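Thank you all for coming. I would like to walk you slowly through one structure today, so please have a look at it before I start.

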Amino acid sequence: MNAPYSNRQWFYVKRPTSRVGSEHYELRESEISGPLAANEVVVRARYISVDPYIRIQQHERNTYDVPHPLGIVQRSGVVGEVVESASPLFAKGDWVSAYSGWQLYARCHQSELTKLDPASAPVSTALGVLGMPGRIAWFGLMEAGRPRPGDTLVVSGAAGAVGSLVAQFGKKAGCKVVGIAGGPDKCRFLLDELKLDRAVDYREHKTHKDLTSTLIEATGGVDVYFDNVGGPITDAVIPLIKRRARIVICGAISQYDGGLDTPDMGPRFLQHMLFQRATIQGVLARDYINRMDEMVAQVAPWVKSGEIVFKETFVDGFEQLPAALNSLFEGGNIGKLLVRV
Ligand SMILES: NC(=O)c1ccc[n+]([C@@H]2O[C@H](COP(=O)([O-])OP(=O)(O)OC[C@H]3O[C@@H](n4cnc5c(N)ncnc54)[C@H](OP(=O)(O)O)[C@@H]3O)[C@@H](O)[C@H]2O)c1
């Protein structure tokens with residue numbers, strides 16, 4: 001290796017029982033040095049992803065995966081630059097994406113890296129619209145939501161990374177799209193930038209029944225509900241589903257802070273599923289990983305032409321990572337939240 005690199009790493013050291021914060025992490029400094037093995041590459045992170053699934057994997061029981069182990073670097077998606085390479089596939093200066101976690105430098109085998117082309121899209125999009133959030137937004141909506149022209153699509157968490165894309169894909173599919181988000185700035189974003197038909201600020205509603213009243217007026221009934229948040233917002237939408245509605249469960253961020261079992265003891269208001277012969281389907285991004293190229297082929301031209309808005313919220317500073325993760329639960333982001341390091 002040419003240089004020893006001063007590394008900084010956030011170790012995940014304690015399981016949160018409610019909101020995650022810096023007390024669950026330890027910042028450690030070390031040095032990367034020594035010879036590179038064949039096909040090994042050193043990557044310097046430039047954008048590090050914070051995602052709600054990190055909080056899911058902090059629970060002590062199995063979810064869709066085993067819990068994230070304690071005492072290791074927090075896993076996450078990263079976009080970075082190659083600073084040294086013993087691989088025939090990567091050269092110094094190449095941009096790559098990797099799953100190398102919350103650390104400034106990582107030694108990676110070439111098989112762990114995907115090369116990015118900065119000329120075709122900003123490299124940070126590999127963690128957002130052209131990455132995992134884009135993948136679940138596209139396949140979740142198109143394959144589980146099955147939108148048809150004229151359908152009414154309701155999206156919760158509509159100003160976030162996944163929701164803002166689902167809402168726009170829904171417009172492209174010819175739907176009337178109603179977005180639900182927290183606060184006037186996010187609702188303005190939904191109307192002015194994403195050109196949605198209606199935006200509903202859930203924070204203005206004290207109970208799910210109040211929210212249902214507003215949504216009756218805004219939607220006239222729901223054909224597709226793409227759910228990112230669960231809890232009271234979902235309670236408000238379900239009574240409005242129409243005949244053969246499709247409910248896509250992508251996330252339930254309002255429930256992640258508790259034990260995942262409280263207070264949402266189970267799916268609620270299921271009689272509406274019976275009355276309307278509706279379907280409800282959970283979707284997971286990893287199930288579509290082998291179809292990434294298909295999604296990128298469809299969506300990348302829209303990103304390039306500006307037909308799809310991909311908003312990013314940047315937080316600067318490696319030391320900000322735990323606080324940035326926490327801010328997802330406070331609604332601190334519009335679009336994809338990234339930490340720039
Ligand atoms: N199934 C999958 O494979 C998959 C993949 C990616 C993401 N997801 C899920 O999709 C959802 C969105 O993920 P994302 O990465 O796009 O995050 P995001 O929407 O960009 O950020 C999270 C947003 O959730 C909202 N939120 C937080 N607490 C809330 C609460 N108690 N009630 C209502 N809204 C709340 C906040 O927006 P407001 O200000 O509007 O409240 C916040 O900005 C998450 O549930 C995530 O787990 C699933």
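This is a predicted model: local features need pLDDT of at least 70, side-chain atom pairs count only at pLDDT 80 or more; totals for chains, interfaces and linings use all residues.

Let me begin with a term: a polar contact is a pair of N or O atoms within 3.5 Å, where within protein one must be able to donate a hydrogen and the other to accept it, and residues adjacent in sequence count only if both atoms are side-chain atoms. With that in mind, look at Arg203, which has an N or O atom in its side chain 3.1 Å from an oxygen atom of the ligand. Lys186 brings a polar side-chain atom to 2.7 Å from an oxygen atom of the ligand, and for Asn333 the corresponding distance to a ligand oxygen atom is 2.6 Å. Taken alone the ligand exposes 900 Å², of which the protein buries 91%, these areas coming from the Shrake-Rupley method with a 1.4 Å probe, where for residues only the protein chains shown count as cover.

Residues are numbered from 1 along each chain as its sequence is written, and side-chain values use heavy atoms, with hydrogens and water left out.

Next come the helices and strands, which are DSSP runs numbered from the N terminus (helices H or I, at least four residues; strands E, at least two). The elements giving two or more residues to the shell around the ligand are helix 2 (132–145) and helix 3 (161–172).

How many of the 12 residues of helix 3 are buried? Nine of them are, so helix 3 is largely enclosed by the rest of the structure, where buried means under 20% relative accessible area, exposed over 50%, and partly exposed in between (1.4 Å probe, protein chains only). After helix 3 comes Gly174, with a positive phi near 90°.

Helix 5 (residues 208–219) gives us another picture, with Leu211, Thr212, Leu215, Ala218 and Thr219 buried. These cover an arc of only 125° around the axis, which puts them on the same side of helix 5; the arc is that of the directions from the helix axis to the C-beta atoms. On the face turned away from that buried side, helix 5 carries the exposed residues Lys209 and Glu217.

Finally, Thr152 sits in strand 9 and is buried, with a relative accessible area of 6%.
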